[in-house]
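Student: I have just opened this structure and would like to learn how to read it, one feature after another. Could you take me through it slowly?

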Amino acid sequence: MTDDEVTSSNTADDDPGTVRVDQFLSHPPAKVWRALTEPDLIAQWLMPCDFRLEVGHRYTMRTRPIPATGFSGTVRAEVLAFEPERMLRVGWRDADPASPSGADWTVTWTLRPEGRGTRLFLLHEGFDPDNPLQQRARNAMGGGWNSLVKRRLAEFLDESAPH
């Protein structure tokens, strides 16, 4: 993959409540959409989960805990809204109700056709600017989302069969 095929930015704007990622992927929206919405594919680049594309569906994702941010390592997620091949919005909460992070976030993926590929926008909202653990989480997740989208998702799409 060349630099012309993939460009990325992690817009760490002045809003301490959000993380934004803007990424060009050299794949059509249908293929990117599948990677965002099919559980077997999500597991290959993000986390294993029991995702189902249905508003109100609740599912779980597991990864390693991050004690410095108060994150237990388990996300309880819920599909809040979607428009096929255009937008997916999910709610994310830490599964541990006693978690000091107080994580209650919204992650929105927006896909726009661009040339022969897709412009993918990620908006992760709801970080409490007055909660030091959430601000640490925002900083960590800003880099993490950028890495996940720029490297893991882009590589996964490049290596997977065309759609």
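Tutor: Let us begin with a term that we shall need throughout: a residue is called buried when its relative accessible area is under 20%, exposed when it is over 50%, and partly exposed in between. Please keep in mind as well that this is a predicted model.

Student: Into which class does E54 fall, and what is its relative accessibility?

Tutor: E54 has 39% relative accessibility, so it counts as partly exposed. Its side chain meets that of R52 in a salt bridge, with 3.3 Å from N to O, and R52 is likewise partly exposed, at a relative accessible area of 43%.

Student: How many salt bridges are there by this rule?

Tutor: The count comes to 7 salt bridges. Another of them joins R34 to E38, where the closest N and O atoms are 3.0 Å apart; R34 is partly exposed with a relative accessible area of 25%, and E38 is partly exposed with 30%.

Student: Which parts of the chain does the salt bridge between R119 and D22 tie together?

Tutor: The side chains of R119 and D22 meet with 2.8 Å from N to O. Here R119 lies in strand β7, residues 117-125, while D22 lies in strand β2, residues 18-25, so the pair ties together parts that are 97 residues apart in sequence. R119 is buried, with a relative accessible area of 15%, whereas D22 is partly exposed, with 22%. These two residues also belong to a network of salt bridges that links D22, E114 and R119.

Student: How should I read the nonpolar core, and which residues have the most contacts inside the largest one?

Tutor: The general idea is that, in soluble globular proteins, nonpolar side chains tend to be buried together. In this model the largest nonpolar core has 40 residues, and those with the most contacts inside it are W45, M61, W92, W109, L120 and W145. Helix α3, residues 132-159, supplies the largest share of this core, with 9 residues.

Student: What is L120 in contact with, leaving aside its neighbours within four places in sequence?

Tutor: With those neighbours left aside, the contacts of L120 include V21, D22, Q23 and L25, as well as V32 and L36. W109, T110 and L111 are also among them, and so are V149 and L153.

Student: How many aromatic pairs does the structure hold?

Tutor: There are 5 aromatic pairs in the structure. One of them is formed by W45 and W109, which are edge-to-face, with 5.9 Å centre to centre and 80° between the planes. This pair links distant parts of the chain, since W45 is in helix α2, residues 39-45, and W109 is in strand β6, residues 104-114, 64 residues apart. Both W45 and W109 are buried.

Student: How are the planes of W109 and W145 arranged, edge-to-face or stacked?

Tutor: W109 and W145 form an edge-to-face pair, with 5.4 Å centre to centre and 85° between the planes. Here too distant parts of the chain are linked, with W109 in strand β6 and W145 in helix α3, 36 residues apart. W109 and W145 are both buried, and one aromatic cluster is formed by W45, W92, W109 and W145.

Student: Which residues are closest to the centre of the largest pocket?

Tutor: The largest pocket has a volume of about 490 Å³. Of the 21 residues that line it, M47, T63, I66, M141 and L148 are the closest to its centre. Both β5 and α3 give two or more residues to the lining of this pocket, and α3 gives the most, with 8 residues.

Definitions and conventions:
Residues are numbered from 1 along each chain as its sequence is written. This is a predicted model: local features need pLDDT of at least 70, side-chain atom pairs count only at pLDDT 80 or more; totals for chains, interfaces and linings use all residues. Side-chain values use heavy atoms; hydrogens and water are left out. A salt bridge is a side-chain nitrogen of Lys or Arg within 4 Å of a carboxyl oxygen of Asp or Glu. Helices (H or I, at least four residues) and strands (E, at least two) are DSSP runs, numbered from the N terminus. Buried means under 20% relative accessible area, exposed over 50%, partly exposed in between (1.4 Å probe, protein chains only). A nonpolar core is a set of buried Ala, Val, Leu, Ile, Met, Phe, Trp, Tyr and Cys residues joined through side-chain atoms within 4.5 Å. Contact means heavy atoms within 4.5 Å. Rings of Phe, Tyr and Trp (its six-membered ring) pair if their centres lie within 6.5 Å; planes under 30 degrees apart count as stacked, over 60 as edge-to-face and the rest as tilted. On a 1 Å grid over the protein atoms alone, a cavity is a set of points where a 1.4 Å probe fits but cannot get out, and a pocket is an open set with protein on both sides within 12 Å along at least five of seven lines; lining residues have an atom within 4 Å of a point. Grid points are joined across faces, edges and corners, and a volume is the space filled by probe spheres set on the points.
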